[in-house]
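Have the viewer open while you read.

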Amino acid sequence: MKFAYLNAEDAQRLSADLRSVEAGVTRSLSLHTAPILEAHQMYSRRTACLSGYVFGHPSLGDGREIMTSQLMYMDTELGIARTLNRWYRLGHPARIGSA
């Protein structure tokens, strides 16, 4: 199974936009044609992530059960996943429904 939250081209555009804002350069962005969002509010919503037992994490102890940051890419055939924060090598998947 493959999963990609963003394709590489969209990710590069997003990165370039964020770099421009961080550098204080907003005139190069298409803000004058951006839609207006009235009565806006911030909400949380569900997003894809992984859970499991981690080994070899730079700051978490081995065998600790974790929930990752947002899942950006996963390829189970290659055994890799990229979250917002880091790459993971995928071990065995959870056995669902077995006791």
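1. The protein chain has 1 helix and 6 strands, and along the sequence they run β-α-β-β-β-β-β. Helices here are DSSP runs of H or I with at least four residues, strands are E runs of at least two, and both are numbered from the N terminus.

2. Before going further: this is a predicted model, where local features need pLDDT of at least 70, side-chain atom pairs need 80 or more, and totals for chains, interfaces and linings use all residues. Numbering starts from 1 along each chain as its sequence is written, and side-chain values use heavy atoms, without hydrogens or water.

3. The C-alpha trace spans about 55 × 30 × 30 Å along its principal axes. Buried residues (under 20% relative accessible area, 1.4 Å probe, protein chains only) make up 15% of the 99 in the chain.

4. The largest pocket is lined by 25 residues, with Gly52, Tyr53, Arg89, Leu90 and Gly91 nearest its centre. Strand 2 contributes the most to this lining, 4 residues, while strand 3 (64-67) and strand 6 (87-89) each supply at least two.

5. As for the second largest pocket, its lining includes Ala4, Leu6, Met72, Arg82 and Trp87. Strand 4 (71-75) and strand 5 (80-83) are the elements giving two or more residues there.

Note on methods
1 Å grid on protein atoms, 1.4 Å probe; cavity = no way out; pocket = protein on both sides within 12 Å on 5 of 7 lines; lining within 4 Å. Buried < 20%, exposed > 50% of the residue type's maximum accessible area, 1.4 Å probe, protein only.
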